[in-house]
Amino acid sequence: MIPSLSGGCLCGGLRYLVTAEPLDVGYCHCRICQRLSGAAAMVWATVPTAAFRYVEGRPRAYRSSPWGQREFCGRCGSQLLYRTVVQSPSLDINLPTLDAPERWPPRRHVWVSSRLPWYPLADGLPQHENDGPAAG
Ligand SMILES: [Zn+2]
Ligand SMILES: [Zn+2]
């Protein structure tokens with residue numbers, strides 16, 4: 001029995017529940033994530049689509065690529081997740097929006113080809129030049 005993990009946006013207007021352990025967790029250094037978040041990298045957790053649901057509020061969506069969209073709070077602007085436009089078995093939540101983000105530590109880095117040179121990676125985790133669940 002896996003306890004559900006809750007999360008939400010900054011203003012509290014959007015709340016969600018995840019009822020499964022993550023399939024993958026990592027940092028994405030792609031340019032889309034950098035611009036979208038305003039941070040040097042984003043931390044995502046891939047979870048089964050069937051194990052994710054909004055329990056409060058309705059997100060807005062932005063089509064960030066031909067194949068994917070980002071969902072966010074229309075009031076405070078918090079970015080909550082990435083999912084493919086065509087229904088997929090998993091989606092990527094933005095890990096720090098969990099109420100207990102320390103529960104799921106990152107396992108790898110993706111898109112390090114666009115990593116900012118002043119953002120050194122010294123955690124010893126595997127690094128991938130591109131690809132990855134958060135692509136798009
Ligand atoms: Zn909000
Ligand atoms: Zn990315």
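Start with the overall make-up: in this predicted model, the protein chain holds 1 helix and 10 strands.

Now for how the chain comes together. Take the contacts between residues at least 6 apart in sequence: 59% of them link residues at least 24 apart. As for burial, 34% of the 136 residues are buried.

That brings us to the inside. In soluble globular proteins, nonpolar side chains tend to be buried together. Here the largest nonpolar core has 27 residues, and the ones touching the most other members are C28, M42, W44, A45, L80, I93 and L95. At least two core residues come from each of β2 (15-18), β3 (24-28), β4 (42-48), β8 (79-84) and β9 (90-94). The top contributor is β4, which puts in 5 residues.

One last stop is W111, in the segment after β10 (108-110). Is this tryptophan buried or exposed? W111 has 25 C-beta neighbours inside 10 Å, so it counts as buried; the cut-off for that is 20 or more. Its backbone is worth a look too: phi of W111 is near 55°, a positive value in a residue other than glycine. Most residues other than glycine have a negative phi.

Conventions
Residues numbered from 1 in each chain as written. Chains lettered and ligands numbered in written order. Predicted model: local features only at pLDDT ≥ 70, side-chain atom pairs only at ≥ 80, totals over all residues. Helix = DSSP H or I, 4+ residues; strand = E, 2+ residues; numbered from the N terminus. Buried ≥ 20, exposed ≤ 12 C-beta atoms within 10 Å, placed from the backbone. Contact = placed C-beta atoms within 7 Å. Core = buried A, V, L, I, M, F, W, Y, C linked by C-beta atoms within 7 Å.
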